[in-house]
Amino acid sequence: FRLKQRPVRTAAAVTTLAVSIFYLIAQMAGAGGLVALLLGLEGKTAQSIVVAIVGVLMIAYVLIGGMKGTTYVQMIKA
């Protein structure tokens, strides 16, 4: 009660989201580039489409499998 919790929580949430977005962008670009390379696709448009498809698949397995499913996927990728 001595400290104002709302500004601290807001700052923590904004910082967490900013770091997560930068991490997500790098991971999606890497995954899209790798899948495009494996499929033999060339060009920015093809890579952008692959990044979008990989993004949808990532969202799907997080929604379906939750954190446990996400952990298994990260273990397989490692």
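Q27 counts as buried, because its relative accessibility is 19%; buried here means under 20% relative accessible area, with over 50% called exposed and the range in between partly exposed (1.4 Å probe, protein chains only). Before I continue, please note that this is a predicted model, in which local features need pLDDT of at least 70 and side-chain atom pairs count only at pLDDT 80 or more, while totals for chains, interfaces and linings use all residues. Residues are numbered from 1 along each chain as its sequence is written, and side-chain values use heavy atoms, leaving out hydrogens and water.

Where does Q27 lie? Q27 belongs to helix α1, residues 5–39; helices are DSSP runs of H or I with at least four residues, numbered from the N terminus. Apart from neighbours within four places in sequence, Q27 is in contact (heavy atoms within 4.5 Å) with M58, Q74 and K77.

Let us turn to the helix itself. With 35 residues, α1 spans 50 Å from its first C-alpha to its last, close to the 51 Å expected at 1.5 Å a residue; that expectation is 1.5 Å times one less than the number of residues. After α1 comes G40, with a positive phi near 75°.

Which residues of α1 are buried? They are Q27, M28, G32 and A36, and they pack against α2.

Finally, the core. M28, A36, V50, V54 and M58 form the largest nonpolar core, meaning a set of buried Ala, Val, Leu, Ile, Met, Phe, Trp, Tyr and Cys residues joined through side-chain atoms within 4.5 Å. Both α1 and α2 (44–77) supply at least two of its residues, and α2 gives the most, with three.
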